[in-house]
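Here are my notes on the model you sent over. Have it open on screen while you go through the points.

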Amino acid sequence: MSLLTSLGLSPTPLGTSASIPNYGPAALIMNFIFAYGLLSSRTLKQYHGIDHNVSPREDLSKYGPAAVQSGKITQSTLDMLKRNESAHANAVENYTLLVAAVTMASHAGVENVSVNRAVLGYTLARVGYAVVYLFVGADRPKLSQLRGMFWWTGNLCCLGLLYRAGGLLSS
């Protein structure tokens with residue numbers, strides 16, 4: 001089955017009785033890996049040589065300024081590493097909304113096309129959010145407003161699923 005069919009953008013092939021799959025569980029796995037793995041600040045801190053496993057949440061505040069002073073990293077790199085930690089924390093915090101939305105929508109019987117559209121929208125919004133957070137620094141504050149737009153887009157995808165689930169569960 002094609003992605004377009006799974007999103008309801010093209011009809012199912014004639015002569016088939018194939019139902020459209022629910023990609024919600026796959027999206028949960030992918031977004032978990034993205035939030036907890038790919039956005040983890042540990043990898044970038046290790047790359048720049050300022051990761052300490054004893055208390056990694058204090059790395060940037062405790063060792064960051066010294067790394068800048070010694071020339072190990074630049075101030076802009078330290079700023080990006082701080083934004084990476086913030087993007088990671090936000091992705092982890094926001095993941096629970098996706099889990100709730102997919103779980104409720106799937107349990108309530110929200111049509112798979114709607115679930116698939118919502119999880120694709122959420123995933124693209126979260127990737128956009130992370131890219132803007134990581135690469136748009138204080139030198140471009142107006143462009144950083146895109147981050148809020150991506151945040152709301154992802155949340156609205158989830159809230160839409162919850163709304164649909166509530167309607168089905170109430171009837």
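**Notes on the model**

1. Let's start with Ala108, which counts as buried because its relative accessibility is 18%; buried means under 20% relative accessible area, exposed over 50% and partly exposed in between, with a 1.4 Å probe and protein chains only. Ala108 belongs to helix H5. Helices here are DSSP runs (H or I, at least four residues), as are strands (E, at least two), and they are numbered from the N terminus.

2. A word on what you're looking at: this is a predicted model, where local features need pLDDT of at least 70, side-chain atom pairs count only at pLDDT 80 or more, and totals for chains, interfaces and linings use all residues. Residues are numbered from 1 along each chain as its sequence is written, and side-chain values use heavy atoms, with hydrogens and water left out.

3. What does Ala108 touch, leaving aside neighbours within four places in sequence? Its contacts are Ala165, Leu168 and Leu169, where contact means heavy atoms within 4.5 Å. Gly166 is 58 residues from Ala108 in sequence, yet their C-alpha atoms are 7.7 Å apart in space.

4. Now for helix H7, residues 145–170. Buried residues in H7 are Gly154, Asn155, Cys157, Cys158, Leu161 and Ala165. They pack against helix H5 (75–108) and helix H6 (112–135). As background, an α-helix has 3.6 residues a turn, so residues three or four places apart point the same way.

5. Val136 sits in the loop between H6 and H7. Is this residue buried or exposed? Val136 is buried, because its relative accessible area is 10%. Not counting residues up to four places away in sequence, Val136 touches Arg83, Val131, Leu143 and Ser144. With Arg83 the C-alpha separation is 9.3 Å, across 53 residues of chain.

6. Leu38 is a contrasting case: it's in helix H2 (residues 24–38) and is exposed, at 64% relative accessible area.

7. Stepping back, the protein chain has seven helices and zero strands, running α-α-α-α-α-α-α from the N terminus on. Its radius of gyration is 20 Å, well over the 16 Å that the globule rule gives for 171 residues, so the chain is more spread out than a compact globule. That radius is taken over C-alpha atoms, and the rule is 2.2 Å times the number of residues to the power 0.38. Along the principal axes, the C-alpha atoms fill a box of roughly 70 × 35 × 30 Å.

8. Buried residues make up 37% of the 171 residues. Among contacts between residues at least 6 apart in sequence, 69% join residues at least 24 apart.
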